[in-house]
Amino acid sequence: MLDPERVLAANHTHYGVIDIGSNSVRLVVYNDLSRAPLPRFNEKSLCALGTGLDRTGELAPGPMACTARAVHRFCAIADAMGVSRLDIIATEAVRRASNGKDLIEEIKKRSGRDIQILSGSEEAHYATLGVISGFYRPKGLVGDMGGGSLEVAEALEDHVGERSVSLPLGALPVESMLAELGEGAKRRIDEIMKEQLPPLLTKPVFHAVGGGWRALARAHMEATDAPLKVAHGYDVDAGELRNFAKSVWKMSPEKLAALPGISSRRSSTIAAAALVMDRLLKNLRPERVVFSALGLREGWLYSQLTPEEQYRDPLIEGAQAFGLPMARVPGFAAALVRWTDQLFPDETGEERRLREATCALSDIAWADHADVKAQECFRRIVHFPFIGLTHPERVFIGAALHARHAGKPDDPAIQKELALITPSIHRRAQILGRALQLGHRFSGSVPAILDSARLRITTDAVRLEVAEGADDIPDSEAVQARMKQLAKIVGVPKTEFAA
C-alpha cells in the first residue's frame, strides 16, 4: 500500500558495497538501504584478480596491486560522498588463493576497513537473494556467473532453497578451457555440471545473473531487435537463447568484438559466458531464461533489511520513492488508488500492484511541456531502473501514464513497445490512464475533493457521483471532455453527473 508519510519522512543515508571479484572490483553506492535501492554511483575496475589462479594457486602481483588501488580509490569516493555505511566483500579469487590474506591485509592497512570473505555457498545465497529482491515472488534456479566461479541456488518466492552449489565455471577458467581445448571445452563443462549441478525441480525458469550474461542478453536484444532493450527482466525462450549462445561462443574474436550491444571490455569474456549458458541450458532444460541486473551486492543489501522491509513490494516502494517527491501533491496518489478501486471488478493482486504503482507515478511529468508529456513519460517509465516487474508490466504502466497525459493509443512513438502487451491489456491501461487524467482534472489534484466523489462505470455510462454540496464542481468543459474520452475507451455511449 502507498504510504506517503513514511516515504517523504525517510532519512536517506547513502549505503555502499565494494565487491572484490575474480575479474573486476566494483563500487556501488545506493541512495539508501531500502527495499528498492537506487544506485547513485557505479564504477568498476577490471583488475582480473583471478588470472592464472588455476595454474599457480596464487594471486599475481599486478592484479593484486590493481585491486588494492581500486579499493583505496573507492573508499575515498565513498567517504567524499558521505556514505554512512560501506561494506567490502570478497569472493572466489581471494577465497581460493594461497596469498589471499596478503591482499586483505594490504587493503586493511590502506583503508582501515574490514573485508568479508564469502564462501561459495554464501555467494550462491546472496546472489539468489538479489534475484528475490529484484523480482516479484520469483521461482526457479538462479545462476550467478562471475569471473572465477558459477554459483547456482534455488529462489522460492521469498527465500533461498536448500540446494546450492559453486562450480569452477567463471569467465576466467572457461576462457582458459577454450584456449586449451577449443570445442572440447564443452565436454569438460558438461562433466562438471553432470557431477554437481542441482536439477531444476521448481518452476522451469532459470534466472541469469552476472555481467557476462547481461552482455549476452544485450547482444540478443540487438540481434532480435527486441521491443524493449532493458536487461533486467528480459525474458527469453530457453531454446532460442541456447541457439544464440551456441552461435556466439563459436565466433572468431573479430566477430565477437563487432557484436552490437557488446562493449569492448566485455568482448573478451562473452564467448565464455555464451558457452556456459549453452551447456547449462542443455543440462537443466528450463523453458525460460530471465536476466537479472540484481545479484550478489543487492542480495547482501537485502539481507541487511528488517523482515518488515523485506516483505514490502519492490515495485510499490520504488514507484512511490520516485513518484511522490516529484508530484505537486504527494498525498494525492493514495486518493487516486481509492478513486480507481472499483474500476476493474476482476482485478487480481498482481494487477492491483500495477495500478497502485501507476497512481504513485501519475504526476511525474506535470512540469513537462504539454506537447511532449505523454511520449516523454512513457519513455522514462519503460527505461527507468524499477525492479519487481516484467517487461510487459513496464509497458502497461508506461501506456497508462501515456494515456493519463492525453497520449493517443495509435501514437507511432510507442507502437514498438506495445508489441509486448495484448490489445486487451493496452485497453485496460488506457482506461486506467484516462481515469487518472479525469481524477486530476476534476479535483485539481486535491485529495479531499477526489474523496468526495465516486467514479462508476455502468453498462451504458461513465458516471461521476459527487457528495451533496459539491455538485457544481464537475460543471466544467474540461471535466466533461475527459469523461467523454474515458467513455469512448470503455465503449459506453454517455456520461452522467449525480449528486
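**Aromatic pairs in a predicted model**

Author: This is a predicted model, and a search of the whole structure finds seven aromatic pairs.

Reader: How are the rings of F322 and F384 arranged?

Author: Their centres are 4.1 Å apart and their planes are at 25 degrees, which is under the 30 degrees used as the cut-off, so the pair counts as stacked.

Reader: And where in the chain do F322 and F384 sit?

Author: F322 belongs to helix α15, which covers residues 314-323, while F384 is in the loop between α18 (373-383) and α19 (391-404).

Reader: Is F322 buried or exposed, and what about F384?

Author: F322 has a relative accessible area of 18%, so it is buried, given that buried means under 20%. F384 is buried as well, with a relative accessible area of 16%.

Reader: What kind of pair do F322 and F386 form?

Author: That aromatic pair is edge-to-face, with 6.0 Å from centre to centre and 70 degrees between the planes. Because F322 lies in helix α15 and F386 in the loop between α18 and α19, the pair ties together parts that are 64 residues apart in sequence. F386 is buried, as is F322.

Reader: Which residues form one aromatic cluster, then?

Author: The cluster is formed by F322, F384 and F386.

Reader: Changing topic, what sits over the ring of Y136?

Author: The charged end of R353 sits there, 3.7 Å from the centre of the Y136 ring.

Reader: And which residue lies over the face of F344?

Author: That residue is R428, which is placed at 4.2 Å from the ring centre of F344.

Terms used:
Residues are numbered from 1 along each chain as its sequence is written. This is a predicted model: local features need pLDDT of at least 70, side-chain atom pairs count only at pLDDT 80 or more; totals for chains, interfaces and linings use all residues. Side-chain values use heavy atoms; hydrogens and water are left out. Rings of Phe, Tyr and Trp (its six-membered ring) pair if their centres lie within 6.5 Å; planes under 30 degrees apart count as stacked, over 60 as edge-to-face and the rest as tilted. Helices (H or I, at least four residues) and strands (E, at least two) are DSSP runs, numbered from the N terminus. Buried means under 20% relative accessible area, exposed over 50%, partly exposed in between (1.4 Å probe, protein chains only). A charge sits over a ring if NZ of Lys or CZ of Arg is within 6 Å of the ring centre and within 35 degrees of the ring normal.
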